[in-house]
Amino acid sequence: MTSGDGMAQARETGTLGKLMVLLDLVTHADTPLRFTDILTLAGQPRGTLHRQLSHLVEEGLLELDGDGRYAPGLRLLDFAARSWARNEFRLIAEPHLAELQQATGETVHLGVLRGQSIIYLDKVEGRQPVRMYSQIGNASPCYCTGVGKAALSLLPTESLADVLASLSFTRFTAATHVSAETLAAEIREIANQGYAFDCEEHEAGIRCVAAPVWSEDRTFIGGISITGPAYRLSMELLHQWAVPVKLAAGKIMEGMRVRLGPRR
C-alpha cells in the first residue's frame, strides 16, 4: 500500500519508535490513511494506536479530516522548513547549483544517499520547468536516478555489495535496471569516469547527467545533477555537460572541506 510497509517490524518498540512508525506510515502514504489502514500496517493494539494517533494530532504532527483520514500535519512542514533552511550542505551548494542552472537553463538537483534512496536536499528549477517527480524532501530509488548511481559509485566494495543485495528492483520504465548485475557493471563505469546518466530510467522522457559529491569523512555521500526532458537533452549534450557538473561538484566539495573540516 505504501513505501512505509514493514516499517513497524523494523523499528524499535519503544514509545518514540512507535510514534515514528506512525509518522512514517502517514507521511509516506500516497493518499491519506484511515484508522483501519494504519491499524493493519502498524500492528499495534487498537487502544494504544488510538491514543498515539490522538497525541500526534494534538501536537499538530498529524491532521484528521472530516472523513476520518490521517495526513501529515502543518507542524511537520515547519520542522522540515527549518531543517532545510539550516542545512549546511545545502547552503554550501546553493550558489554552485544556481550557477549550473544559469549555465544550462535546466533543472539542477542536490541529493544525499540514505540507505537505498536518494533524498533531494535542493532543487533549482530550469528556465522552462518540466513536471517531474523530484521535490525537496522526496526520496527516489538509488538504482534508477543519476544522483543515486553517482552516489553508489563512492561506496566501498563491501558497502556497495550490501546495498545491491538488499535492493528490490521496480521497473519504472523500459530502461530501468532490474538486476544487481547490470547495475553493478554501470556503477563500475561511473566510478571510472566520474559521472552518471539517467537515461529515462525513473521517469519516461526525463534524462540527467550527475556527478558524485562527498564530504571528507564520508558522512555526506550524494550528488548533483542537471535534469530535463529527453527532447532537449540529447546524449551528446549530456556528455558535454558532464564537465560542468563535475566542476560544480568539485566546488561544492571544496566548500565543504573549508567550512566543515576540522577546526584548528
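Mentor: Welcome! The protein has an accessible surface of about 13,700 Å², and 54% of it belongs to carbon and sulfur atoms; such areas come from the Shrake-Rupley method with a 1.4 Å probe, and for residues only the protein chains shown count as cover. This is a predicted model, where local features need pLDDT of at least 70 and side-chain atom pairs count only at pLDDT 80 or more, while totals for chains, interfaces and linings use all residues. Residues are numbered from 1 along each chain as its sequence is written, and side-chain values use heavy atoms, leaving out hydrogens and water.

Trainee: What makes up the secondary structure of the protein?

Mentor: It comes to ten helices and nine strands. These are DSSP runs numbered from the N terminus: H or I of at least four residues for helices, E of at least two for strands.

Trainee: Why is helix 2 called oblique to helix 3?

Mentor: Helix 2 (residues 15–28) and helix 3 (residues 35–42) pack at about 125 degrees, with axes 11 Å apart. Axes are lines fitted to C-alpha atoms, for helices over the stretch in contact, and angles run from 0 to 180 degrees between N-to-C directions. Under 35 degrees is roughly parallel, over 145 roughly antiparallel, 65 to 115 roughly perpendicular, and the rest oblique. The angle of about 125 degrees therefore makes helix 2 oblique to helix 3.

Trainee: Which residues meet there?

Mentor: Leu22, Leu25 and Val26 in helix 2 meet Ile38, Leu41 and Ala42 in helix 3, where contact means heavy atoms within 4.5 Å. By class, this contact has six nonpolar, no polar and no charged residues. Ala, Val, Leu, Ile, Met, Phe, Trp, Tyr, Cys and Pro count as nonpolar, Asp, Glu, Lys and Arg as charged, and the others, Gly among them, as polar.

Trainee: How do you know that helix 2 and helix 4 are roughly perpendicular?

Mentor: Helix 2 and helix 4 (residues 46–58) pack at about 70 degrees, and the range for that word is 65 to 115, so the two are roughly perpendicular. Lys18, Leu19, Leu22 and Leu23 of helix 2 make the contact with Leu49, Gln52, Leu53 and Leu56 of helix 4. These divide into six nonpolar, one polar and one charged.

Trainee: Why does Glu200 count as partly exposed?

Mentor: Buried means under 20% relative accessible area, exposed over 50%, and partly exposed in between (1.4 Å probe, protein chains only). Glu200 has 24% relative accessibility, so it counts as partly exposed. Glu200 is found in the loop between strand 7 (196–199) and strand 8 (206–214).

Trainee: What is phi of Glu200 near?

Mentor: Phi of Glu200 is near 60 degrees, a positive value in a residue other than glycine. Most residues other than glycine have a negative phi.
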